[in-house]
Amino acid sequence: MAKILVQNTEVSVVKVNGEDYICLTDMLRAKDGDFFITDWLRNRNTLEFLGIWEKVYNPNFNYGEFAIIRNQAGLNSFKISVKEFVAQTNAISLQAKAGRYGGTYAHKDIAFEFAMWISPEFKVYIVKEFQRLKAEEQKLLGWSAKRELSKINYRIHTDAIKTHLLPAEITCEQTSRVYADEADVLNVAMFGKTARQWREENPGLKGNIRDYATINELICLSNMENLNAVFIEQGMPQGERLIKLNQIAIHQMGILESGDNDRKLLK
């Protein structure tokens with residue numbers, strides 16, 4: 001669950017079957033006066049819009065039941081809840097959730113129309129905030145993908161260490177020390193410090209130095225892991241590899257940082 005702030009109103013956004021649904025109950029707090037979602041739902045224009053949306057996106061929509069509901073719209077006695085509407089028509093545009101994060105949720109297409117019912121200004125701002133949320137999610141997705149690529153390449157790196165640097169029949173402690181030493185070759189070349197030095201400087205942070213790297217740093221680190229594996233296979237001494245990798249890191253980061261600086265992830 002995510003939250004966006006629209007004109008001092010906190011609005012929840014959840015994923016339902018891979019689609020974004022926005023909380024109408026939260027949005028309703030921004031409307032002046034005593035209004036209810038059922039007031040919006042009994043409106044004929046609302047029902048017409050819901051019917052068309054369901055026709056396009058929901059092959060299991062019950063048009064027969066929907067027609068009965070639509071024909072009652074406009075009558076003083078007509079009133080229907082979200083739960084009743086969904087149960088009778090098999091609609092997917094609306095969701096009524098119970099529990100801690102309960103409330104009425106609508107697919108973003110529907111929620112934006114509901115926002116217009118609150119006010120045109122509110123609709124403009126909720127669309128803007130929703131777009132900002134999606135942009136932040138894309139940044140995080142890109143960072144996560146690069147982090148996973150770094151992990152995969154690190155496996156190539158450790159395999160090279162295992163094949164070319166570990167002598168036979170050593171203890172687990174000795175093995176771990178070799179791997180850690182080689183990991184710190186990359187850390188020092190890229191970040192200018194070992195993993196231990198970073199932990200000592202940041203005692204309040206969880207994870208490790210690479211969890212707080214920018215996307216550009218992860219791209220560069222991924223390249224360096226592959227190159228270090230090649231250097232190890234070539235028998236290059238560790239000291240020479242460190243100098244060479246540091247030169248590569250400086251060169252590649254200079255290229256990456258001269259481009260799109262928005263790719264940096266806020267720490």
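## Terms and model

A residue is called buried under 20% relative accessible area, exposed over 50%, and partly exposed in between, using a 1.4 Å probe and protein chains only. Helices (H or I, at least four residues) and strands (E, at least two) are DSSP runs, numbered from the N terminus.

This is a predicted model, in which local features need pLDDT of at least 70 and side-chain atom pairs count only at pLDDT 80 or more, while totals for chains, interfaces and linings use all residues. Residues are numbered from 1 along each chain as its sequence is written, and side-chain values use heavy atoms, with hydrogens and water left out.

## The chain overall

The protein chain holds 11 helices and 5 strands, and 39% of its 267 residues count as buried. Taking a contact as heavy atoms within 4.5 Å, 61% of the contacts between residues at least 6 apart in sequence join residues at least 24 apart.

Helix 3 (residues 44-57) has 14 residues and spans 20 Å from its first C-alpha to its last, close to the 20 Å expected at 1.5 Å a residue; the expected span is 1.5 Å times one less than the number of residues. Its buried residues are Thr46, Leu47, Leu50, Gly51, Trp53 and Glu54. Seen down the helix axis, these buried residues fall within an arc of 170°, so they line one face of helix 3; the arc is that of the directions from the helix axis to the C-beta atoms. Asn45, Ile52, Lys55 and Val56 are exposed on the other side of helix 3.

The cover over the buried residues of helix 3 includes helix 2 (37-41), helix 4 (63-72), helix 5 (82-89), strand 4 (94-97), strand 5 (103-107) and helix 6 (108-118).

## Strand 3 and its partners

Two strands pair if DSSP finds at least two bridges between them. Strand 3 and strand 5 pair in the antiparallel sense over 3 bridges, with His107 in strand 5 as the bridge partner of Tyr21.

The hairpin of strand 2 and strand 3 has 2 residues between the strands, and Asn17 takes a positive phi near 55°. In strand 3 (residues 19-23), 4 of the 5 residues are buried, so this strand is largely enclosed by the rest of the structure.
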